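Reader: I have the coordinates open, and I would like to know what stands behind each label you use. Could you walk me through it, cut-offs included?

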Amino acid sequence: MISFLGEVAAWFGDSANWLGASGILNRLREHIQITVAATAVSTVVAIPPAVWLAHRRIGGTFVVAVVNIARAIPSFAIVVLFLPISIRLGLGIGFWPTFLALLFLAIPPMFTNAYTGVAGVDPDLVEASRGMGMTDREVLTKVELPMASPVILAAVRVAAVQVVATATLGALVGWGGLGRFIVDGFAVRDSVEVFAGALLVAGLAIVTELVLGTVEKHVVPATLRTRADGVESVVA
Amino acid sequence: MRTHARRTIAGAAIVAFALIAAACGSGDDGGTIEGPTITIGSAGFSEAALVGEIYAQALEADGYQVERKLNTGTREIYAPALESGELDLIPEYTGSVLTFLGGTSTPDSDETYASLQVAWEPMGIEVLDYAPAQDKNGFVVTQATADELGLEKVSDLAAYNGTLILGGPPECPEREFCLKGLESVYGLEFAEFRPLDAGGPITVAALQGDEIQVGTMFTSSASIYANGFVLLDDDKGLQPAENLVPAVRSEIIEAYGDDFKESLNTVSAKLTTAELTSLNKFVEVDGEDPETVAAEWLKAIGVTE
């Protein structure tokens with residue numbers, strides 16, 4: 001065990017493993033790129049409609065249930081299923097099937113949490129706001145969104161961490177990223193490389209969690225901060 | 001034929017087997033040969049199972065009792081099963097199995113076959129005549145690339161050193177028969193290596209989308225046939241010989257004698273790489289039943305009527 005960890009340390013110490021197209025730096029860059037892109041696009045696609053539908057109280061649990069069905073499909077199957085779709089769309093292998101699969105994975109939790117977050121705002125509070133003379137728009141932006149923000153941001157954070165972990169599977173459909181170390185290492189039975197790859201992915205996931213956690217702290221109104229984790233564990 | 005079989009039977013276990021087989025076979029048509037039931041296994045992929053089915057039907061046509069345990073699994077599973085007697089017959093690939101047994105395979109079919117005969121004999125396994133059909137690692141390009149760059153053989157790629165992208169299984173850069181050998185034996189240099197799959201759908205898509213120009217594929221792969229790819233000739237003999245060969249327990253050969261060998265040798269003699277590739281295409285691309293494909297081919301080559 002000690003010698004294995006020594007080999008892993010030596011792997012990280014070898015500059016040849018850091019540089020070049022298949023080095024850690026480039027794989028890390030690829031991994032961060034696809035994570036940022038997939039998380040950003042999912043946020044834009046999932047959250048506005050969820051917020052609007054919840055604000056209008058349209059759909060209810062039915063919409064959430066339908067969107068959630070997608071979450072039951074294993075990530076591996078989603079990546080593999082998007083390969084022929086991507087090829088048929090002329091997008092080829094590599095980046096696009098991975099990216100599309102990640103969207104498919106990230107959208108449901110974001111949609112569900114945004115919907116539940118807004119729909120879960122105390123009806124008395126919404127009623128009181130209207131009673132105070134707030135317009136419909138003000139109710140949304142000044143009451144519902146701030147109240148729901150801990151849940152929504154927690155959903156973005158959870159989805160981003162999931163995207164970091166799942167982007168690893170892109171290596172199976174010809175994409176790069178940190179998953180390459182795991183897949184390529186496995187192909188030559190190099191457990192040191194596999195372990196190093198897993199460490200890198202885990203490290204990036206932790207960093208993502210910390211960075212987005214910090215963002216949350218700054219965005220969520222101070223009085224609501226304690227709410228985030230409790231609700232997240234129920235919804236996410 | 002019956003007396004011949006009886007004369008050559010040796011060992012109590014064999015006799016017991018024969019009695020069981022004979023008992024089971026009683027009441028069958030007159031063409032049935034008495035003797036041990038031959039259990040046929042194969043590696044767990046389509047081509048190996050198809051060839052196993054071909055062996056099975058060819059033997060059945062000659063009156064042997066056959067039991068199918070095709071798609072047995074990996075070589076780590078079926079080779080010990082053959083040695084222990086759980087299986088009696090499997091289709092093998094000369095180079096790969098010789099390497100598995102600790103021998104050294106070469107591009108020469110006869111040489112590899114001879115080494116394999118010696119290597120497996122102590123375990124009571126005999127290899128019959130090998131077929132001309134080979135399933136080796138090969139390098140393919142699209143017809144368009146072949147036309148544009150004038151490519152026929154692997155050494156032709158040297159003229160485009162530093163400009164083409166090679167795609168293959170992730171282990172390719174570490175393997176002598178893949179990138180390492182292309183560099184050392186052929187002196188090739190690629191602009192990039194892209195880790196994909198072992199000649200599967202990702203490699204096909206990457207070739208078609210021109211994301212790679214050279215792909216790795218098995219020489220008898222249906223994908224080559226189905227997509228009109230050009231298989232580059234391994235003119236410097238990088239790949240070891242991988243002829244298909246029936247591997248049989250010696251006890252079966254002792255029980256049945258030369259007629260048994262002849263049944264399979266006749267089939268092997270007709271099995272060329274081109275034939276095998278088109279048979280693979282029927283199964284893997286057109287989705288036909290392996291049993292039907294095997295039966296039709298045996299009829300076409302005149303083994304059955």
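Reader: What makes strand 6 and strand 7 of chain B a pair?

Author: Two strands pair if DSSP finds at least two bridges between them. Strand 6 (residues 165-168) and strand 7 (residues 192-195) of chain B are joined by four bridges, so they meet that definition. The two strands run parallel, and B:I165 has B:E192 as its bridge partner in strand 7. Strands here are DSSP runs of E with at least two residues, helices are runs of H or I with at least four, and both are numbered from the N terminus. As for the basis of all this, the model is predicted, so local features need pLDDT of at least 70 and side-chain atom pairs count only at pLDDT 80 or more, while totals for chains, interfaces and linings use all residues. Residues are numbered from 1 along each chain as its sequence is written, with chains lettered from A and ligands numbered from 1 in the order in which they are written.

Reader: Why is the unit made by strand 6, helix 8 and strand 7 of chain B called right-handed?

Author: Strand 6, helix 8 (residues 179-184) and strand 7 of chain B form a β-α-β unit of that hand. The word applies if, with the strands pointing away from the viewer, the path from the first strand over the helix to the second runs clockwise.

Reader: Thanks! Over to chain A: why is A:I34 called buried?

Author: A residue is buried if 20 or more other C-beta atoms lie within 10 Å of its own, exposed if 12 or fewer, and partly exposed in between, with C-beta atoms placed from the backbone. A:I34 has 21 other C-beta atoms within 10 Å, and therefore counts as buried. A:I34 is found in helix 2 of chain A. Among the residues A:I34 touches are A:T98, A:F99 and A:L102; contact asks for C-beta atoms, placed from the backbone, within 7 Å.

Reader: And what makes A:V44 exposed?

Author: A:V44 has 10 C-beta neighbours inside 10 Å, so A:V44 counts as exposed. A:V44 also lies in helix 2 of chain A. A:V44 and A:M110 are 66 residues apart in sequence, and 9.9 Å apart in space from C-alpha to C-alpha.

Reader: How do you know that helix 8 of chain A is mostly covered?

Author: By counting: seven of the nine residues in helix 8 (residues 179-187) of chain A are buried. Among them are A:F181, A:I182 and A:A187. The cover includes helix 2 (24-55) and helix 9 (191-219) of chain A, together with strand 7 of chain B. Just after helix 8 of chain A, A:R189 takes a positive phi of about 55°.

Reader: What makes a set of residues a nonpolar core?

Author: The members are buried Ala, Val, Leu, Ile, Met, Phe, Trp, Tyr and Cys residues joined through C-beta atoms within 7 Å. The largest such core has 82 residues, of which A:L102, A:M110, A:A114 and A:V163 touch the most other members. Helix 5 (residues 95-119) of chain A gives the most to this core, with 14 residues. A second, separate core of 51 residues includes B:A49, B:L59, B:L89 and B:V245.

Reader: Where do the chains meet, and how is the chain B side made up?

Author: 13 residues of chain B are in contact with 11 residues of chain A. Strand 7 and helix 9 (201-208) of chain B are the elements that give two or more residues to the chain B side. That side divides into seven nonpolar, one polar and five charged residues. The classes are Ala, Val, Leu, Ile, Met, Phe, Trp, Tyr, Cys and Pro as nonpolar, Asp, Glu, Lys and Arg as charged, and the others, Gly among them, as polar.

Reader: Last one: why is B:N71 called partly exposed, and where is it?

Author: B:N71 has 15 C-beta neighbours inside 10 Å, so B:N71 counts as partly exposed. The place of B:N71 is in strand 2 (residues 66-73) of chain B. Phi of B:N71 is near 55°, a positive value in a residue other than glycine.

How values were computed:
Contact = placed C-beta atoms within 7 Å. Lists of a residue's contacts leave out its neighbours within four places in sequence.
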